[in-house]
Amino acid sequence: MQYESVIGLEVHAQLLTKSKIFCGCPTAFGAEANHHTCPVCLGLPGVLPVLNKKVVDFAVRAALATKCSITHSSRWARKNYFYPDLPKGYQISMFDLPIAEHGYVEVDGNGSIKKIGLTRIHMEEDAGKSIHDAERDSSLVDLNRTGIPLLEIVSEPDIRSAEEAGVYLRNLRSILQYLGICDGNMEEGSLRCDANVSVRRVGTESLGTRTETKNLNSFKAVEKAIRYETQRQIGVVESGERVVQETRLWDSEREITRTMRSKELAHDYRYFPDPDLMPLVVDDHWIARERESIPELPSVRRERFVRHYGLPPYDAEILTARRDVADYFEAAVVSCPDEAKLVSNWVMDVALRFIKEEKLDATLKIREWPCPPEHIGRLVSLIKNEVISGTIAKTVFSEMRKNQLSPEDIVEKNGLRQVSDRGALEAQVEAVLAENPDKVQAFLAGKEKLIGFFVGHVMRATGGKANPRMVNELALKKLETLR
Amino acid sequence: MRITSDEILHVAALARLSLSDEEVTDVSKHFETMLKYVDKLNGLDTEGVDAMSHPIDLPTALREDEVTTSRSESHIRKIMDNAPNTRQDFFRVPKIVE
Amino acid sequence: MSLHTLTINEAQTKLRLGEISAVELVNAVLTRIDATNPYLGSYLSTNHDQALDQAMEVDKVIREGGDLEALSGIPVALKDVILVEGMQATAGSKILQEFIAPYDATVTERLKRSGAIIIGKLNCDEFAMGSSNENSAYGVCRNPWDTERVAGGSSGGSAVSVAADQACASLGTDTGGSIRLPAAFCGIVGLKPTYGRVSRFGVIAYASSLDQVGPCTKTVRDSAILLTAIAGHDTRDSTSVNRPSPDYTQFIDRGVDGLRVGVPREYFVDGLQEDVKRAINRAILQLKGFGAEIVDISMPHTEYAIATYYVIATAEASSNLARYDGVRYGYRAKDVKDIATMYLETRANGFGDEVKRRIMLGTFVLSAGYYDAYYLKAQKVRALVRGDFEEAFKTCDFMLAPVSPTTAFRIGERIDDPLTMYLSDVYTTAVNLAGLPALSVPCGFDQQNLPIGLQLIGQPFQEETIFRAGYTFERNNDYYESRPPL
């Protein structure tokens, strides 16, 4: 029997505002416990919420970027439940009239574009944090996170595989990062994801019973959990039992999902309009203003990179996944527009690996990176103009990282300029051929791959500075004369 | 309409109120009286009437995204002094089991 | 001279003329509290030392010829749901028995800025839920006209403190009649301002879409003085309306000549006590005599107001009171081993019976399967109730009605019959549902010498009009001068 999984994702994105959604407390990370709180976010008696306008700006931006329709007059609702890190005993959220509905995010699967529908986007306040392992019989509650603005983005059950879920989530993250509204760090919890998964026989239309899996704090976890949950549910169905509708937790150690022991006595959120907040009215003028602030989005930019720079789709995909990387590439390619592919190689290969090593992935730090993009462009120009070889370029690059000098200065200071003196190189080629008569014979007998051996030797003998193209040409010419 | 005592207990659980047997009886009686009284609303035709959540019609107020709260040590002390149980400015509660 | 009997207006004048000092005034009031509070139970706490310090400051300013603020040296007391930094705020509940407010409510800030001396915190029904002030965890507050009778609620302490001369004036809150009813029962002036006119920031919420802070005073002029001090837009309250708030005292003496007074016929039906009806009718005739035009109006949805009110108020309350969980402040049940028990026991022991009843009802009407039938239905009927007023105000400038069908009832008389208790608010809740301003003014006494209240209901943000009518009525009668036999 063939099964398919039906997946919908619920994403919570922490918004990059300076202050909380309903009070003037800072959102900055890392304060002492409860030091970023005030009577309002602590839910003291008598306090009232006042909405941070920036949160609405960001929500409108996200809605526009995902082609949602924006609700002219949306409504705040209280979601009632008890938990020690939820100070008021309710979360201010949106329910029947969210700020945006009916959008989509495009995913590219095997060359064809598919639209994953968005049911809704709404704003809400984050809860605090409870620490369970500090003491044996107690838990500790820190409410610094309480009231940090969140965007909840709910997809339709349009996703059909773990891989597709991964692509959707990455694309969504890219969009949020491009908009400058969320840093998208799953490990630190600024981007969170719950997965609704059900399975059904291929060819059937009706949906199976779904489970909701929480605690997915990396892209890998999302994909693994969906795979696990799919297999688990298929197993349940195959054995003739029913899937139970429930909330499950991803256990990243054991790589399984497990039932949450019920922490609630009873469950019924009793949503109702928050009487402390009036309807949120977003007029056309406001929408137009936000529309203007939206940058070129990743999918559009990706296409342009292919079209304009002639990059392979793979390169364009990698480079445009992050706005800062794409910006970096474009600043680099200015000085050598004809060598976009080479610049792309450098940015992807070296720069991205460096970002990964330095764990700069966490935040949008590339702008602070010591090596300005113009220098990458000029490094490529040096290669292109045969001032240095690709090998030497790597040496130059590691110097650039260290001391911020321009590639030209590094080449001059360290005497790394490529040797393109025909006479000198000819002598080197002849010497190498003379030293390896057996390899010469083999070459002449048809083992033409050995050209690399000769060129390599010359390069080594010159400390990498020889012009490899010229060495190649000279060696071939010389070998021809030996036929 | 009649509300069973199971329903009363369910509502009490939602509201996090532990009720004694006497209280369950009292609340049941109260529910019966009140729901019967409130039932008169059903005699009214509200077809096409918009629900009214607020007594005044205003768009909600907005504030600029600025950090405005001061977090002086004395402020934190005033907060913590009201707390039943703390440790190093954390609120301490009996173990939460997930 | 008994200084504690002074109105705000009289005290202001005497302070300015140097006839009395602020310290004398504050001392007189504190002495009065000490003498009468043991059997009235209106104050839950007083601010003795600070009040005297503040009074000395005021006297110094006066001696040095400095400028006085509008309420400089005036002793004002607050219902214990209004936060004053450093003072207790119990809301009449055990669950907040040790809570010390870490910040000032906006109205507190405004009173302080106006120079008022916060003299103490006043008894009330727990979380403002009640019509008799019998639901306080700190004891019943008694009616000074007959201490075997209720003060009315929920702002019982606010009304009693003024009626018994324990303060020049006080603030209460009104969610379904909680200022007007005790004002009527105690023979003082009580105002429920338009929703959004006075900030709710720092006021412990009962039902957020209905609650409003208002003054309890000895005279209509004092009411206007106090409203002027506390009203106005507040950026910390999203339901506060951003429109200018005038000096309300400047309109009060303009009379009622030419004003149209609506008299809703549905308010004069069965259950209205005979001498209350007589007093109200006498008031109608008086206003007519002063040039007002009497208009017969109909409010067809009047009989639905209480049912609507109880659904909406309890629903909002069930959510507003969820924060009392023993985690961050207030009472926490002792010796609980797990978090679930902590919630259940804290809330079971911390809340009183009536609060629990209302939390239960409110939770129920919002719960799955019942939301549409109860909560949503009530919200629609609320719109119909407001519609009645809108329709009526096309033909009148303000309305006149009783505050309550009866005068103050006996302590214990209705406590075991919640619905009968709720029906005390039959003439007041509709005003809250519609968000309108309404003034309760003394208009006579019944055969047992218990005060009767006249209710003047205004159009939104037209407090001026009901002040004019109330002042006109007050000037031409002497009910406000009567003092309870203490």
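Predicted model: local features only at pLDDT ≥ 70, side-chain atom pairs only at ≥ 80, totals over all residues.

A:Ser398 has a relative accessible area of 29%, so it is classed as partly exposed. Along the chain, A:Ser398 and A:Ile234 are 164 residues apart, and their C-alpha atoms are separated by 51 Å.

Staying in chain A, look at helix H7, residues 323–333. Eight of its eleven residues are buried, so the helix is largely enclosed by the rest of the structure. The buried residues of H7(A) are A:Asp324, A:Val325, A:Ala326, A:Tyr328, A:Phe329, A:Glu330, A:Ala332 and A:Val333.

Now to chain B, and helix H3, residues 73–81. Which residues of this helix are buried? They are B:His75, B:Ile76, B:Ile79 and B:Met80. Looking down the axis of H3(B), the buried residues fall within an arc of 130°, so they line one face of the helix. What they pack against is strand S2 (86–87) and strand S3 (90–94) of chain B.

Next, the interfaces. The size of an interface is often given as the accessible area lost when the parts come together. I will take chain C with chain B, and then chain A with chain C.

Between chain C and chain B, about 5,200 Å² is buried, and carbon and sulfur atoms give 68% of that area. On the chain C side, C:Met360, C:Tyr374 and C:Lys377 lose the most area to chain B, together 13% of what that side buries. In terms of contacts, 66 residues of chain C meet 52 residues of chain B.

How many salt bridges are there between chain C and chain B? The count is four. C:Glu303 forms a salt bridge with B:Lys40, and there the closest N and O atoms are 3.8 Å apart.

Several helices of chain C give two or more residues to the side that touches chain B, among them H9 (305–320), H10 (339–350) and H11 (353–366). Helix H12(C) gives the most, with twelve residues. By class, that side of chain C has 37 nonpolar, 13 polar and 16 charged residues.

On to chain A and chain C. Here 31 residues from chain A are in contact with 40 residues from chain C. The buried area is about 2,800 Å², with 61% of it from carbon and sulfur atoms. In chain A, the residues that lose the most area to chain C are A:Pro45, A:Leu48 and A:Phe82, together 22% of what that side buries.

There is one salt bridge across the interface of chain A and chain C. C:Arg200 forms a salt bridge with A:Asp276, with the closest N and O atoms 3.0 Å apart.

Now a closer look inside chain C. C:Asn432 sits in helix H14 of that chain. Is C:Asn432 buried or exposed? Its relative accessibility is 0%, so C:Asn432 counts as buried. The side chain of C:Asn432 reaches the backbone oxygen of C:Thr175 at 2.8 Å, and it makes a polar contact with the side chain of C:Arg180 at 2.6 Å. Other residues that C:Asn432 touches include C:Lys192, C:Ser209 and C:Arg382.

Last, some backbone details in chain C. A cis peptide bond joins C:Gly153 and C:Ser154, with omega about 5°. C:Ser154 is in the loop between strand S5 (146–150) and helix H5 (156–163).

C:Ala128 is not a glycine, yet it has a positive phi of about 65°. C:Ala128 is in the loop between strand S3 (117–122) and strand S4 (142–143), and at 4% relative accessibility it counts as buried.

C:Phe461 also has a positive phi, about 60°, without being a glycine. Its place is in the loop between strand S13 (451–458) and helix H15 (463–475). C:Phe461 counts as buried, at 9% relative accessibility.

Key: Residues numbered from 1 in each chain as written. Chains lettered and ligands numbered in written order. Heavy atoms only, no water. Contact = heavy atoms within 4.5 Å. Buried area = accessible area lost by both parts, 1.4 Å probe. Salt bridge = Lys/Arg side-chain N within 4 Å of Asp/Glu carboxyl O. Helix = DSSP H or I, 4+ residues; strand = E, 2+ residues; numbered from the N terminus. Nonpolar A, V, L, I, M, F, W, Y, C, P; charged D, E, K, R; others polar. Buried < 20%, exposed > 50% of the residue type's maximum accessible area, 1.4 Å probe, protein only. Polar contact = N/O pair within 3.5 Å; in protein donor to acceptor, adjacent residues only side chain to side chain. Arc of directions from axis to C-beta. Lists of a residue's contacts leave out its neighbours within four places in sequence.
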